[in-house]
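Subject: Structure handover

Hello,

Here is the structure I said I would pass on.

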Amino acid sequence: MQGKVFILEDDQSISGLVKVALELNGAQCAVFGTLAEFTAALINDRPDVALLDIMLPDGNGLDALQHLKRVYPDAACILLSALSKEEDKVRGLNLGADDYIAKPFSVLELTARVNARLRGRQQSAVLKAGNVTLNTDTMACRINGQDTALNRKEFELLRCFLENAGKVLSREKLLTAVWGYDGGETRTLDNHVARLRKAGVAIETVFGVGYKL
């Protein structure tokens with residue numbers, strides 16, 4: 001098992017047990033006890049899989065789910081909750097969760113389900129569009145057949161474009177996905193787009209809206 005797992009759980013006995021089990025199987029884990037801690041961490045880091053408790057001291061895990069999918073649409077999410085009614089599961093899945101495990105749960109089963117998500121993530125690690133190939137595991141990038149070095153934000157921006165190839169992406173969506181905020185006037189996005197264009201990435205300006213790969 002290789003990959004980064006975010007664990008949002010306010011019960012330290014549960015989060016500690018899950019963290020130990022996953023790390024023994026090779027995962028890299030980060031634990032958060034509040035919704036605020038979790039959303040703050042997403043500004044600078046992205047998980048391959050997120051385990052989200054629904055009942056939190058400062059909010060609802062479904063809010064964490066929606067924020068996660070808005071910022072990193074391809075991140076897998078497994079809900080962990082004592083709310084085991086069918087309507088609770090359906091609501092979570094409809095909001096974008098990839099799986100739902102009711103408490104109390106088997107750590108062995110949870111580990112197996114996380115591993116399955118990580119395997120699927122690794123199989124789709126290479127993104128391609130036109131003259132661009134990006135490996136999301138190694139951060140290796142090739143443009144026009146040439147290895148191209150990218151900094152972290154350039155990588156995340158190009159990844160967002162490749163995941164949405166052919167779609168018009170608003171400035172707000174790109175700012176949220178890469179920098180963790182939306183709205184406001186900033187030249188940061190435009191400068192990063194200019195650098196990707198200079199490297200050979202065909203990014204089209206859609207005036208009044210944003211950009212399209």
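In this predicted model, four strands form an open sheet in the order S8-S9-S10-S11, with antiparallel pairing. The edges are taken by S8 (126-129) and S11 (146-147); each has a single partner strand, so one side of each is left without a neighbour in the sheet. S8 and S9 (residues 132-135) run antiparallel and are joined by four bridges. In that pair, Ala-129 stands opposite Val-132 of S9. Helix H6 (residues 152-163) packs on the sheet, where it touches S8, S9 and S10 (140-143). The direction of H6 makes about 115° with that of S9.

H6 also packs against H7. Their axes come within 9 Å and cross at roughly 130°, and the two helices are therefore oblique to each other. The crossing is right-handed. On the H6 side the contact is made by Lys-153, Glu-156, Leu-157, Cys-160 and Phe-161, and on the H7 side by Leu-174, Ala-177, Val-178 and Trp-179. By class, these residues are seven nonpolar, two charged and no polar.

H7 (residues 171-179) packs with H8 (residues 188-199) as well, at an angle of about 85° and with the axes 10 Å apart. That angle makes H7 roughly perpendicular to H8. Here Arg-171, Leu-174, Leu-175 and Trp-179 of H7 meet Thr-188, Leu-189, Asp-190 and His-192 of H8. This contact has four nonpolar, two polar and two charged residues.

Regards

Conventions. Residues numbered from 1 in each chain as written. Predicted model: local features only at pLDDT ≥ 70, side-chain atom pairs only at ≥ 80, totals over all residues. Heavy atoms only, no water. Axes fitted to C-alpha atoms, helices over the stretch in contact; angles between N-to-C directions. Parallel < 35°, antiparallel > 145°, perpendicular 65-115°, else oblique. Contact = heavy atoms within 4.5 Å. Nonpolar A, V, L, I, M, F, W, Y, C, P; charged D, E, K, R; others polar. Pairing = 2+ DSSP bridges. Left-handed = near helix turned anticlockwise from the far one by under 90°.
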